[in-house]
Amino acid sequence: MKRPSRSLMIFGVLGFVFLYAPILSLVVFSFNESRLVTVWGGFSTKWYGELFRDPQILDAAWVSLRVALASATLSVVIGTVASFVLVRFRRFRTKTLLSMMITAPLVMPEVIIGLALLLMFVAMESILGWPGQRGIMTIIIAHSTFGAAYAAVIIQSRLVDMDLSIEEAALDLGAHPVRVFFDVTLPVIAPALMSGWLLAFTLSLDDLVVASFVSGPGASTLPMVIFSKVRLGVSPDVNALAAIIIGVASIGIIVAALQVSRSKKISQN
Amino acid sequence: MSEAIAVTGLKPWTDPNAVPFLKINNVTKKFGAFTSVNNVSLEIYKGEIFCLLGGSGCGKSTLLRMLSGFEDLTSGQIIIDGQDQAGIPPYKRPTNMMFQSYALFPHMTVEKNIAYGLKRDGLPRAEIATRVTDMLSLVQMGAFAARKPHQLSGGQRQRVALARALVKKPKLLLLDEPLGALDKKLREETQFELIKIQESLGVTFVVVTHDQQEAMTLSSRIGVMTAGKIVQVGTPREIYEYPQNRFVADFIGSVNIFEGRIAEDGESHVVVACPEAGLGIYVPHSIAGVIGQKVAVAVRPEKMQISKGDLGDLRNKLSGTIDEIAYMGDSSVYQIRLDSGKRVRVNQSNLFRSEESSLNYGDRVNLGWAGNAGIVVTS
Amino acid sequence: MSSLPLGSRIGSLLGRMGLKGRLLVIAIPTVWLLVFFLIPFLVVAKISFSEAAIARPPYLPIVEWIDGFFRVNLNFNNYLFLLEDPLYLAAYLGSVKIAGVATLIALLIGYPMAYLIARSPPDQRNLLLMLVVLPFWTSFLLRVYAWIGFLKGNGVINNLLMSIGIIDEPLVMLQTDFAVYVGIVYTYLPFMILPLYANLVKLDEAYLEASSDLGALPVTTFFTVTVPLSLSGIIAGCMLVFIPAVGEFVIPALLGGPDTLMIGQVLWNEFFSNRDWPVASSVAIVMLFVLVIPIMLLRWAQSAGEGESR
């Protein structure tokens, strides 16, 4: 293979600098003594301490974590069932509709999804008396809906690649179709379920717009709190929070990547 | 009672009182406008290794999948051991399948793969354990019980797939290109092993393959398929020596076809006037035909002889020029151009070791075959 | 059977339901998405035709039952309002312009990077791809926030440039359209690079060699062979950046200035500040129509890309 030219390499390096410089500066300045976030005033970890004493941030983090755990799990369940139905079932009447609905959230601006779901919740409440108070529950539903769309993309592609005869073999050996799904299909697509879950989890933790629409009083997610702080300008404890999130995400990604490359090596042998 | 045919030497299909174990009655399968299997009827007896042989897209795999229950029939009937299989899903059929890709469960060990089907039958754990162990030793995979499929070689996976399908003692074992994924040498060894296992268990095998070598070695009988139809059923010897039509003659092995018209139709012989060959070809069997009818004579290349000298009292003799010689080691293949321009292929065994061939390009040779070497094919 | 995993037991339980099980399985995602995705849009469409009111919820019903008669209050005023007030038209045009320019910049940066990764040795590709995707897994909001610290008057860039002596006065970058471009390009660059990479990595180098063998200069080869063959990747990448950028709210809210007009922000303000739900709904409906063509382009590009890989 021909090596890329030198100028292209330089361009690539600059591209990665562009991607990483802002993130690194967040981390660096989270250890800054000075309140002026971008002027170095000596090393300090005091903003981390401040962060962990801020009840508003801690509450919001707890809300976000619960929402993300629940909605990621729901997303994978809905995404898996939808993918399975779309990939494995023969034609049925609502197939096109389902396929359209599961992919549409991927290309829908967040403001529209948020607005539509809120109006839906309001309408449901006036007709059914549910969901009553908007809050964690409504955010979970909203996040599960677009999380399922992302999870379904990953799971569908894995299902399409999967050797159909493995499922047929289980049928042939006497397993009922439902059993085949749990005994064979799920274990084989487990890595895709895991990545789908992680993606939905991250998206939920990250979402500001949809949560702002569908949440009610008393249920503020972490992005909502960060946004209201950041709107007023830079603040060093947000940097500390960012550093923590970046650290956790990086470790997670690196562990996952190592896992994937190891399992790839095994399957190649 | 072991009906294993190769052991007993019985040929149940020649016995008018024998009851077929598997009956396929007028089975048709259509995918939209495309007819994949066209009105196929077959009777297969207990203990047979029956091969469905044909090129890709001939419908053999579809027929197999209908036996296992993965495809519905468009019309017709499949009866296994007296029981109509209509409406019975794959997981309730008395058949098991060995898949072309082996389809081993990648997340289960060899042992768990083999035990899977027995667990579905709800057998007691102790019995499952014994049967799995027995099966593992039958296919000589006892040492690999705890391995996952990706830690096995192709040949080992093939054995596990076979064991997994056999352990349920199916009435019918369906094998889809069972040796297709193995390299040539391993394939030849495995063929004989497969026969040995089949004989020891007495299970009826239906094998789908596109490899005529494999079909000839394995089967008690072969069904040759093309375009969704069975064109001939017979033992490997019958199929090879007495092809009923040009497709079978051409598909199994190689053959020289001489076009002509019936010139003489006797009690126990036919003479086919063949302008291409420049003579009337004598064939010592009668056919149901009329004088002047267009037919063809098929002659296998290895049944022909060539020589620069005289060929003695061979019934059919002509002459030509050597065009091509291909030295294959055990034999040589000659392309002979007849005076009419037709090219004929002749195989000669290399019986003696020599550095130089006695026949060379451009040599004028005599060529002939015994009367009973040829066969008339009408369609 | 006692050693069966839980999943298997659920399996055999469901198994007894037979054919009804199939319907149930189809129903789970279908009903969920109907209720929480499709019907909400119909609700938005409905409310966009109703009249705002000081009430809970803050709009009047479209169909009323008054004195034994149905009264239908179908109200096009919200849409007329969008036409009359130049703010909205400017916001739509502004969104499309900003998203379009940002997409172009992202393409100019993303294409060479994708090309570079696709032409790297295979063992390095996954690492490089991971480096592209990694920022995506950290918080979007915080990545936008990072640029505030970079771009503001006494931010990292101004401090750097002034300490080298290139400028004496800090540049005004934050709260300008420039900052919005930077923010969009930065956050959506991975969406540009991934489809381009997926496309370019499949590009057989023999085509490029054949082109140069037939006498084409590298530049000619690039524009006559590489670009046409990666067209579906280019369109997919561009639409994956353009579509969310049009409706973007966070980036203009944090990095943009008072002059930055984007429709996502307008909708947000209409809803949260003015509490005019019907106008917000009609803004959303019109935005959907604006996005129809880009969405169709994306679908085409994705199916074309799939077709090539089969």
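These entries record what I looked up in a predicted model.

**Entry 1: chains A and C.** I began with the contact between these two chains, to which chain C gives 70 residues and chain A gives 65 residues. On the side of chain C that touches chain A, helix 2 (residues 19-48) of chain C supplies the largest share, 17 residues. I then sorted that side of chain C by class and found 52 nonpolar, 15 polar and 3 charged residues.

**Entry 2: a helix pair across the contact.** I examined helix 1 (residues 6-30) of chain A against helix 6 (residues 140-151) of chain C; their axes come within 9 Å and cross at roughly 75 degrees. The two helices are therefore roughly perpendicular to each other.

**Entry 3: helix 4 of chain A.** In this helix (residues 95-103) I found A:Leu98, A:Met101 and A:Ile102 buried. Viewed down the helix axis, the buried residues fall within an arc of 95 degrees, so they line one face of the helix.

**Entry 4: a sheet in chain B.** I traced an open sheet of 6 strands, ordered 6-7-8-3-9-10, with mixed pairing. Its edges are strand 6 (95-98) and strand 10 (229-234) of chain B. Strand 6 pairs with strand 7 (residues 172-176) of chain B in the parallel sense over 4 bridges, and B:Met97 has B:Leu174 as its bridge partner. Helix 2 (residues 60-68) of chain B packs on this sheet, and its direction makes about 145 degrees with that of strand 7 of chain B.

Notes. Residues numbered from 1 in each chain as written. Chains lettered and ligands numbered in written order. Predicted model: local features only at pLDDT ≥ 70, side-chain atom pairs only at ≥ 80, totals over all residues. Contact = placed C-beta atoms within 7 Å. Nonpolar A, V, L, I, M, F, W, Y, C, P; charged D, E, K, R; others polar. Buried ≥ 20, exposed ≤ 12 C-beta atoms within 10 Å, placed from the backbone. Arc of directions from axis to C-beta. Axes fitted to C-alpha atoms, helices over the stretch in contact; angles between N-to-C directions. Parallel < 35°, antiparallel > 145°, perpendicular 65-115°, else oblique. Pairing = 2+ DSSP bridges.
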